[in-house]
Amino acid sequence: MDSFYFTVTKPSSSYSSSTILNFQGVSSVGGRSCQKSLGSPSHLSWPLSRPNKKYQNFVYRRTSQNLRLKTFKGPILAEAGKQVNSMDSSGITLVTGATGGVGRRVVDVLRNKKLPVRILVRNEEKARKMLGEDVDLVVGDVTKANTLLPEYFKGVRSVINAVSVIVGPKEGDTPDRAKYSQGIKFFEPEIKGDSPEMVEYIGMKNLINAIKENVGLRTGKLVFGYEGNSFKELPWGALDDVVMGGVSQSTFQIDLTGAENGGPTGLFKGVVTTANNGGFASIRTKNFSEPEDLSAYDGLELRLKGDGRRYKLIVRTSRDWDTVGYTSIFDTVEGWQSVRLPFSSLRPIFRARTVLDAPAFDPSQITSLQLMFSKFESDGKLNPTFKEGPFELPISCIRAYLKDPITPRFVHVSSAGVTRPERPGIDLSKQPPAVRLNKELDFILTFKLKGEDEIRESGIPYSIVRPCALTEEPAGADLIFDQGDNITGKISREEVARICVAALKSPYACDKTFEVKSVIPFSEPYTVDPENPPPEKDYNEYFKTLKDGITGKESLEKTPTPV
């Protein structure tokens, strides 16, 4: 099999005097090649050790092009007490169905809170007339996957989905859908436009696929290594103090039985020495073919077997070889452990000096990773755990993670009643019209439930809000939150919009499905005195009452008791 080795080549005189690495292929079966310059010692180039039953080396499959060295043009400073640029953690909330009764109110609530919002609509003219010419708007249709372009979702960190199939009175409605919107008087309904299957189910699948990479998954994103049945390979290679005249050596291998479960793990190992003014060993990946976008996440988590030493992780966002590396120093203890390195902890370092005016770290543009064991930290500090000699750092995976407490990234407006049409023993005469007419309305609730299931199975942190009958009444009435899909009643669209926005910030709403209604019965209208409005609710108090795993589908699985 092919292996790789490193050669050190003198750069052109117009660049810094540092050396650059040239990765070239070489046969590992008896083949050895060495290309040296700058009086480098004979050990500078070596093929990695041959694989055996226990170890396999990571391999570059193709020879990379020579990397040109560029001098960093910014000043290299190290001044105590000054802060470096911090990462911009703000993100856009995408509102889908933004011209509907709930959706447009969600947009208003977000704007009033000065939160960045983008809307996805089918009709641009209608949306701008309703929400203003300055609204951040993209045109697409969830029922048509090819209209959901990747660039629409750049910067989006959360979604409030208010898309719903259009239902209207058979006898017709006013241009502003006044009969439908009032929510109290019953009109014989019918589906208008696309079917429930297309909107509620296929549309949901299309939307989830379009935004999943942007909003993130609860379990994170595997960047390298082994996690369950998943494996993500990265092309690591040694980059040691030989580039500055030292004689330390390292390599990266796959230990087929070295993981904590007896399975495979990566292994960063070597021998480090301060001879010839050296003192560090590291492994670095080739530049990724495309930048890794981890902007949906909060940091990198390393699953490793520590040895009590202090290491560095260096993340680069430039394709240039000799450039700023955003660096986090971390300690280990003996044994297997997870080490979380928040993106906010990364410091811009160039040649062991902090660069105070470096650009803020951009997690959407990660181009390479580097792991290092070094005598040196930064700005003249030394590693207190450094000692010369052999070292080993097994590392089974590197993954991006969402920090705790995790909050919903996808809030969906569904409907009460979605589990009832097929519920054993239910008295349909006592149920709302949508439940009684589910079949006549092309199985609207059936497909709403299938859409919910797509969310729950997506891995995206979510909150599913199931309002009872929607009205144009103002928000402010006392509320009842319930689970299990049993309640009936009414609720203001304005109230639902506020609940959705509040859910985005609440860990108590995360991965919960719930119904909601006001305490006001259908027979009583609800009004608010503008001079004495009700106080704003703390929706967290409601969210805290919710439990995991309750959807109402539990009743569908029960066997009816014989009479």
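Axes here are lines fitted to C-alpha atoms, for helices over the stretch in contact, and angles run from 0 to 180 degrees between N-to-C directions. Helices (H or I, at least four residues) and strands (E, at least two) are DSSP runs, numbered from the N terminus. The model is predicted: local features need pLDDT of at least 70, side-chain atom pairs count only at pLDDT 80 or more, and totals for chains, interfaces and linings use all residues. Residues are numbered from 1 along each chain as its sequence is written, and side-chain values use heavy atoms, with hydrogens and water left out.

**View 1. Helix H1 packs against helix H7.**
H1 spans residues 103-112 and H7 spans residues 493-503. Their axes lie 8 Å apart, at an angle of about 55°. The two helices are therefore oblique to each other (angles under 35 degrees count as roughly parallel, over 145 as roughly antiparallel, 65 to 115 as roughly perpendicular and the rest as oblique). H1 passes H7 in a right-handed crossing, meaning that the near helix is turned clockwise from the far one by less than a right angle. H1 brings Arg105, Val106, Val109 and Leu110 to the contact (heavy atoms within 4.5 Å), and H7 brings Arg493, Glu494, Ala497, Arg498 and Val501. Five of these residues are nonpolar, none polar and four charged (Ala, Val, Leu, Ile, Met, Phe, Trp, Tyr, Cys and Pro count as nonpolar, Asp, Glu, Lys and Arg as charged, and the others, Gly among them, as polar).

**View 2. Helix H7 is largely enclosed by the rest of the structure.**
Eight of the 11 residues of H7 are buried (under 20% relative accessible area; exposed is over 50%, partly exposed in between; 1.4 Å probe, protein chains only). Among them are Val496, Ile499 and Cys500. At the start of H7, a side-chain oxygen of Ser492 comes to within 3.0 Å of the backbone nitrogen of Glu494.

**View 3. Asn214 is a buried residue of helix H4.**
H4 covers residues 196-215. Asn214 has a relative accessible area of 13%. Its side chain reaches the backbone oxygen of Phe153 at 2.7 Å. Leaving aside neighbours within four places in sequence, Asn214 is in contact with Phe153, Lys154, Val156, Arg157 and Ala296.

**View 4. Ser506 sits in the loop between H7 and strand S29.**
S29 spans 512-518. Ser506 counts as buried, at 2% relative accessibility. Pro408 is 98 residues away along the chain, yet the C-alpha atoms of Ser506 and Pro408 are separated by 7.3 Å. Not counting residues up to four places away in sequence, Ser506 touches Thr407, Pro408, Asn540 and Phe543.

Notes: Polar contact = N/O pair within 3.5 Å; in protein donor to acceptor, adjacent residues only side chain to side chain.
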